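The following exercises concern one protein model.

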Amino acid sequence: MTSTSLTTRVGGVGRQMVGQLRSQLFGRFAAVSLGSLVTGHVLLYGIHSVMGVEPVLANLLSTTLNTVLVFIANRRYVWNVDGNISLRREVVPFALLALAGLALSTVFVWVTAETIGEGLWVNAANLAAFGIVWLARFFIIDRWIYAATP
């Protein structure tokens, strides 16, 4: 049952409860995102600035590592899904969303490194790009990937 059909079936009081559940989901999603912001930028800074890996490759590596952590945290903590992971229904869509963010952040990181500079500017570019796709990611995951969970 999708969240839309759940809202339609339960009436006014049910709509209020669904709205509260959405708020709780969004709050947990924001908490996971904040955690991933920290881990992602620590990874990016460490790989690029400490290990000396060039900015675009450092962005690719840090995003890939962080995506695995974010997938697990979203699945278990935000949407409370446990058990077997569906490659087609969960992993592929989540990976495509991560790739969209990675593509945008890679362009932002490259342009920034070439025009403004490196160091923390690379982190700022990465943050700006992922910020753009963050809100869309919540609604896509909530409405399509885990639509049947409350």
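Two exercises with worked solutions follow.

The model is predicted: local features need pLDDT of at least 70, side-chain atom pairs count only at pLDDT 80 or more, and totals for chains, interfaces and linings use all residues. Residues are numbered from 1 along each chain as its sequence is written, and side-chain values use heavy atoms, with hydrogens and water left out.

**Exercise 1.** Determine how helix α3 packs with helix α4.

Solution. 
Step 1. Locate the helices, which are DSSP runs of H or I with at least four residues, numbered from the N terminus: α3 covers residues 87-115 and α4 covers residues 120-145.
Step 2. Take the axes, lines fitted to C-alpha atoms over the stretch in contact, with angles from 0 to 180 degrees between N-to-C directions. The angle is about 160°, and the axes are 8 Å apart.
Step 3. Classify the angle: α3 is therefore roughly antiparallel to α4, a term for angles over 145 degrees.

**Exercise 2.** Is Val78 buried or exposed, and which residues is Val78 in contact with?

Solution. 
Step 1. Consider accessibility: Val78 counts as buried because its relative accessibility is 0%.
Step 2. List the contacts (heavy atoms within 4.5 Å). Leaving aside neighbours within four places in sequence, Val78 is in contact with Leu25, Arg28, Phe29, Val32 and Ala73.
Step 3. Compare positions: Gly27 lies 51 residues from Val78 along the chain, and their C-alpha atoms are separated by 8.5 Å.

Key. Helix = DSSP H or I, 4+ residues; strand = E, 2+ residues; numbered from the N terminus. Parallel < 35°, antiparallel > 145°, perpendicular 65-115°, else oblique. Buried < 20%, exposed > 50% of the residue type's maximum accessible area, 1.4 Å probe, protein only.
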